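Hello,

Here is the structure I promised to pass on. Please open it first, then read my notes below.

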Amino acid sequence: MEIGGLNIQNVGSGVSLATLLHIKSGAGAGAAHDNLVCSKSGTETLSIDVNGLMTATSGDKYQYAQCNIGDIVADSDAIVPCIFYAVAGLTLVSIGLSVDTDIGDDDVNYQSIQFTDEDDNAILASAFTTDVAWTAGVIVSAGSLVSASHEVLVATDYVKMTFTKTSSGLAMSGLTAHIAFEYTS
Amino acid sequence: MAELDFTDCPGNKPSLTLVDNRKRDLWRFYKGATLVSKVNYLGQRYSTAGDQYRYVQVGIKDIVANNDAFEYPLLNFPAKITINSIFLAVDTTVAADSTNYQTIAATDDGDNSIASITTATTGFTEGTARTMGDIDSTHGILSANEGLKLTFTKSGTGMALSGLNVFIAYTINEAYTNGHSIDEDDPPLLAWIDSPDASEVILSDRDAGEHIDLNNGAFKVSLDGKAITTSVDRYFSITSCLGDIDVSGPTPAKFAIFKPSAKCRAVGFYIGADTTVALSSDSNYMTITFDKYDTSSELEIARCSTSGPYASGTALTLGEFTKIADYLDGDMVELNTELSSTDYIWVTLAKTGTGGTNLSNLTVQVLYEKLE
């Protein structure tokens, strides 16, 4: 069985460069229609919206960014690295952290790491604390993102990182933030 | 209802098949009179929405006051690209200084300025991204495999910057051949809709087979909504600055370079540094290994070495990425290139002899494709 749907192949080859399928309708205000919707058994899996944005439910939707913060001294409360800058609307999906050298579990001296938007709204539901045994090269989740608007960035929004030491804090070697996000506009 | 409705399209052929051998776009969608989406004959997708942008970020860390000798590799993409914006940020506020300051420039391989700023009249506020200003309309377009780097020129005694991060947004240019250019000819499918309602233009809803096939697989949409292309669109990159590697000390254990959230394939590895490292020994060198870590074992994908050996080592030029492995060239362990959502790419270092020359701001770039 090879029926399929619309199949246009080199019609008029060498003769015409005409548009074979020209859809033109209405003179409305450009309602928020999708240009293309692909669904699997009634569930949408890919679309291209009225502005050309393609969204999908497959792994296509993930975009990745990484920021190397570097070596963090035990008392790093004063520094505020900027780790991400958006040029269009997007939603942060996850944030991971890694170091390049093992760190032992220390429940007395540690860091609390938070990510914030440019207005200092918290992006992590709870600050990530480093009072865990941390293996070099292993990315650990920074935790759940807030279910508010702060992980939703518009163009020119940026993400900052803050450190708050407990007791004498904790030094970290080669700290790196790993970000996954989706385009939203 | 949809203008074209392929609900429960019979058979196993795609809902929509377009093949055209005249090197024109396959489809274009307009919003009013504005082109918002298209797919060209190579399967390359164009969008005016936010998904047109690719992001690369490089944390190049602390900059000393006299930083003139260093050049930092940022990006090297295997297709023609346009740099859209470059922003910089530091982790500690520094005031402007009209006597002792830095001129920071993003340049191409020919040292042509793409954008530049100084800290003479404007400093940095910690945690706040600062634009490098307008992108040069000529040099902001980089050829395939042309590098982008960051350079510093001090005035007076210069200015130290703490925790410098670079944020780059770029778009992939259309790869036309045979003299064709954008909008030269109308496509086979043209939708120009001031939609009177919210219905979609094209709807494909099915439970088997593919949705779309343009130019015999140049662009396809699978049943599960995966957009597959054979064009340069399929490449993505990530850059990771691993910092200074002092061969006299213990090499750090492992660097996590990349961890996808869905299945990907590594297709290219590059290394660079902010100073030149020549091949200088057959017995003292540093081996850099790119491994896949599948949460239980380390599986080598590719390796290279700096400082030596003469016959097989990789010489580094400051500010430039050197490709050390390419999937298509067969110099990766193919079996290990595929990454699931729980896999990592690790970089590990191992000294032979003294380890050779120190590596200043060792930086790696991973090129990958999404597989699902």
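What share of the contacts in chain B with a separation of 6 or more comes from residues 24 or more positions apart? The share is 78%. Two residues are in contact if their C-beta atoms, placed from the backbone, lie within 7 Å.

First, some ground rules. This is a predicted model: local features need pLDDT of at least 70, side-chain atom pairs count only at pLDDT 80 or more, and totals for chains, interfaces and linings use all residues. Residues are numbered from 1 along each chain as its sequence is written, while chains are lettered from A and ligands numbered from 1 in the order in which they are written.

Now chain B as a whole. It has zero helices and 28 strands. These are DSSP runs, numbered from the N terminus: helices are H or I, at least four residues, and strands are E, at least two. The C-alpha atoms of chain B fill a box of roughly 70 × 50 × 35 Å along the principal axes. Of its 372 residues, 53% count as buried. Buried means that 20 or more other C-beta atoms, placed from the backbone, lie within 10 Å of a residue's own.

Next, one residue. M286(B) sits in strand β23 (residues 285–293). M286(B) is buried because 26 other C-beta atoms lie within 10 Å. T352(B) is 66 residues away from M286(B) in sequence, yet 6.1 Å away in space, C-alpha to C-alpha.

Best wishes

Notes
Buried ≥ 20, exposed ≤ 12 C-beta atoms within 10 Å, placed from the backbone.
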